[in-house]
Amino acid sequence: MPDSTAPKSSASTEAAIETTALTKTFGRQRAVDGVDLRVPRGSVFGFLGPNGSGKTSTIRMLLGLTQATSGDIRLLGAPMPGDLRRVLPRVGALVEGPAFAPFLSGRANLHRLDTADRDAPSASRRDRVDAALDRVGLGHAADKKAHAYSLGMKQRLGIAGALLMPRELLILDEPSNGLDPQGTREVRSLIGSLADDGTTVFVSSHLLSEIEQMCSHVAVMSAGRLLTQGTLDEVRRHGVQRIVVTTPDGAEAAAVLAGLGLEAATTPAGVSAELPVDDTEPERITAALVAAGVRVRGLQVTGATLEDRFVDLTGEGFDVAG
Ligand SMILES: Nc1ncnc2c1ncn2[C@@H]1O[C@H](COP(=O)(O)OP(=O)(O)O)[C@@H](O)[C@H]1O
Ligand SMILES: [Mg+2]
């Protein structure tokens with residue numbers, strides 16, 4: 001077992017977040033069901049799942065905002081919520097619907113937040129607040145009252161709040177919720193720059209494409225369960241690839257594929273078949289089809305995207321557009 005009193009020696013090997021059989025029930029519903037999460041230090045870790053899959057409930061437990069029904073949590077090597085007071089100052093967080101004083105400006109809100117942080121030196125408060133506002137692109141709107149902010153601006157103000165002090169770990173719950181495409185891009189590049197500074201970023205999203213674009217690692221949640229986790233490549237690689245052949249000669253094509261050991265299904269446009277995981281030679285199939293006189297109008301290998309992998313795992317489509 002890693003010794004939490006010796007952070008120096010364990011820092012490199014220990015995960016930023018580690019949960020064991022983490023569970024949260026609401027009445028009879030298991031909102032989070034036996035989740036074993038391992039978030040390596042230095043990763044940009046995407047916590048992916050459709051709405052209602054248990055992301056926010058998990059995050060609230062990680063941060064000690066709600067009690068786990070059962071299971072264990074280690075944050076930056078220390079047990080939570082036992083070491084909450086020692087750990088939370090090293091963690092910046094944005095959780096669903098950050099609350100601000102509506103009649104204070106964005107700047108005044110951050111000022112207030114920073115004042116509540118006992119570790120934040122007051123002499124540098126003004127600079128710290130301005131830097132955080134600039135970093136999320138709210139410098140120009142700093143003196144507007146928070147209630148006049150758009151949802152996207154409120155979301156960015158929430159992120160600015162998490163960035164006031166340097167943090168080892170950032171936990172961001174759906175940070176691009178309510179942002180327009182431009183705002184989403186800005187948040188993505190912001191997360192990239194934080195990661196470049198060595199901060200571990202744990203970011204939840206119900207948007208596949210977003211996770212695919214910015215994360216080094218991913219975990220997939222569905223109905224409270226963690227279906228898979230690993231580097232983006234690892235998770236994708238286990239996906240099932242399919243080959244789809246567009247041809248008017250469906251029956252002949254199916255016979256050729258059968259000869260190659262592939263079980264093909266005929267479709268109105270041609271045939272499709274599952275490829276073995278390690279099959280890297282669609283050329284072989286093309287050649288066999290052509291040699292057999294099959295008129296190939298198109299040949300496509302699909303799969304190996306996160307979306308395919310998600311569909312494989314859950315048997316469900318993923319609400320890609322949000
Ligand atoms: N305070 C609560 N009381 C009852 N049910 C809840 C509560 N919070 C969340 N849930 C339920 O738990 C499930 C997971 O919710 P949540 O963690 O918010 O998912 P996500 O963040 O992935 O959308 C949902 O079915 C939700 O309705
Ligand atoms: Mg949520």
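Ligand 1 is surrounded by F26, Q29, A31, P50, N51, G52, S53, G54, K55, T56 and S57, where a residue counts as near a molecule or strand if one of its heavy atoms lies within 4 Å of it. This is a predicted model, in which local features need pLDDT of at least 70 and side-chain atom pairs count only at pLDDT 80 or more, while totals for chains, interfaces and linings use all residues. Residues are numbered from 1 along each chain as its sequence is written, chains are lettered from A and ligands numbered from 1 in the order in which they are written, and side-chain values use heavy atoms, with hydrogens and water left out.

The shell around ligand 1 divides into three nonpolar, seven polar and one charged residue; here Ala, Val, Leu, Ile, Met, Phe, Trp, Tyr, Cys and Pro count as nonpolar, Asp, Glu, Lys and Arg as charged, and the others, Gly among them, as polar. Both β2 (29-35) and α2 (55-62) supply at least two residues of this shell, and the largest share, three residues, comes from α2. Such helices (H or I, at least four residues) and strands (E, at least two) are DSSP runs, numbered from the N terminus.

The table gives polar contacts of the ligand, a polar contact being a pair of N or O atoms within 3.5 Å; within protein, one must be able to donate a hydrogen and the other to accept it, and residues adjacent in sequence count only if both atoms are side-chain atoms.

| Residue | Part of the residue | Distance to an oxygen atom of ligand 1 |
|---|---|---|
| Q29 | side chain, N or O atom | 2.7 Å |
| S53 | backbone, N or O atom | 3.2 Å |
| K55 | side chain, N or O atom | 2.8 Å |

The protein covers 60% of the 560 Å² of accessible area that ligand 1 has on its own, with accessible areas taken from the Shrake-Rupley method with a 1.4 Å probe; for residues, only the protein chains shown count as cover.

We turn now to the sheets. Strands of a sheet pair through backbone hydrogen bonds, either parallel or antiparallel, and two strands are taken to pair if DSSP finds at least two bridges between them. One open sheet has six strands in the order β7-β8-β9-β4-β10-β11, with mixed pairing. Because β7 (91-94) and β11 (225-231) stand at its edges, each with a single partner strand, one side of each is left without a neighbour in the sheet. Within this sheet, β8 (residues 169-173) and β9 (residues 200-205) pair in the parallel sense over five bridges, and D173 stands opposite S204 in β9. Helix α7 (residues 181-196) packs on the sheet, touching β4 (44-48), β8 and β9, and its direction makes about 155° with that of β9. Contact means heavy atoms within 4.5 Å, whereas axes are lines fitted to C-alpha atoms, for helices over the stretch in contact, and angles run from 0 to 180 degrees between N-to-C directions.

Another open sheet is formed by four strands in the order β13-β14-β12-β15, and its pairing is antiparallel. Here β13 (264-267) and β15 (298-302) are the edge strands, each with a single partner, so one side of each lacks a neighbour in the sheet. Six bridges join β12 (residues 241-246) to the antiparallel β14 (residues 270-275), and the bridge partner of R242 in β14 is E274. Helix α10 (residues 250-259) lies across β13 and β14, running at about 20° to β14.

Finally, a cis peptide bond joins M80 and P81, with omega about 0°.
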